[in-house]
Amino acid sequence: MTEDYSKTTRGICVSVRASYLADQSKPDESQFVWAYRVTIANQGQETVQLLRRTWLITDANGRVQRVHGPGVVGQQPVIEPGESFEYTSGTPLETPSGFMTGAYHMQLTGSREKFDVEIPLFSLDRPDAGRRVH
């Protein structure tokens with residue numbers, strides 16, 4: 001069963017749902033793959049643009065990967081008030097569970113003020129492994 005995780009920062013609501021990809025995983029070779037679907041909803045009054053993202057991906061052994069770069073899935077979306085942007089991405093781990101969190105680095109399009117929007121902490125758990133993290 002997948003679960004939605006949500007967090008709102010300055011009127012920007014980030015919701016994430018992760019799912020284990022058994023068909024792309026190779027447990028015998030310590031390769032476990034998840035997809036995650038993110039919805040970024042602008043519930044505020046001002047237009048924003050997502051400039052960069054930072055992810056912290058932690059496996060069951062406590063190993064942390066930091067992923068930082070421009071935009072998401074090759075885009076730097078502009079999100080008007082009342083609109084949302086949705087994308088799907090994925091991550092591999094060497095363990096059957098872990099978790100992710102991070103931040104989107106945004107900018108108000110009018111004043112160019114920059115601010116960070118928290119990405120909620122969410123679990124990456126293989127369905128048959130039981131709930132172990134978070």
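So, two strands count as paired here if DSSP finds at least two bridges between them. The strands themselves are DSSP runs of E, at least two residues long, numbered from the N terminus. With that in hand, let me walk you through this one.

Quick housekeeping. This is a predicted model, where local features need pLDDT of at least 70 and side-chain atom pairs count only at pLDDT 80 or more, while totals for chains, interfaces and linings use all residues. Residues are numbered from 1 along each chain as its sequence is written, and side-chain values use heavy atoms, with hydrogens and water left out.

Okay, the sheet. We've got an open sheet of 4 strands, in the order β1-β2-β3-β7, and the pairing is antiparallel. At the edges sit β1 and β7, each of them pairing on one side only. From one strand to the next, the twist averages 20 degrees; the axes behind that are lines fitted to C-alpha atoms, with angles running from 0 to 180 degrees between N-to-C directions.

Zoom in on β1 and β2: 6 bridges hold that antiparallel pair, and S6 has S15 in β2 as its bridge partner.

Then there's β8 with β9, also antiparallel, joined by 10 bridges. Here M106 stands opposite F115 in β9. The two strands make a hairpin with 5 residues between them, and in the turn R112 has a positive phi of about 65 degrees.

Now, how many salt bridges does the structure hold? There are 3, taking a salt bridge as a side-chain nitrogen of Lys or Arg within 4 Å of a carboxyl oxygen of Asp or Glu. I'll give exposure for each residue as well: buried is under 20% relative accessible area, exposed is over 50%, and partly exposed is in between, using a 1.4 Å probe and protein chains only.

Start with D4 and R17, whose side chains meet at 2.7 Å, N to O. D4 is in β1 (residues 4-9) and R17 in β2 (residues 12-20), 13 residues apart. D4 has 46% relative accessibility, so it counts as partly exposed, and R17, at 39%, is partly exposed too.

Next, R10 with E113, where the closest N and O atoms are 2.8 Å apart. This pair spans 103 residues: R10 is in the loop between β1 and β2, and E113 in the loop between β8 (97-108) and β9 (114-125). R10 is partly exposed at 47%, and E113 is partly exposed at 35%.

And then R37 with E86, again a salt bridge, at 2.7 Å from N to O. Because R37 lies in β3 (residues 32-42) and E86 in β7, the pair ties together parts 49 residues apart in sequence. Both ends are partly exposed: R37 at 39%, E86 at 42%.

Last stop, the second largest pocket, with a volume of about 160 Å³. A pocket here is an open set of points on a 1 Å grid where a 1.4 Å probe fits, with protein on both sides within 12 Å along at least five of seven lines, and lining residues have an atom within 4 Å of a point. The volume is the space filled by probe spheres set on those points.

Of the 13 lining residues, Y36, R53, W55, V67 and S89 are the closest to the centre. Which element gives the most to the lining? That's β7, with 4 residues. By class, the lining has 8 nonpolar, 4 polar and 1 charged residues. Nonpolar covers Ala, Val, Leu, Ile, Met, Phe, Trp, Tyr, Cys and Pro; charged is Asp, Glu, Lys and Arg; the others, Gly among them, are polar.
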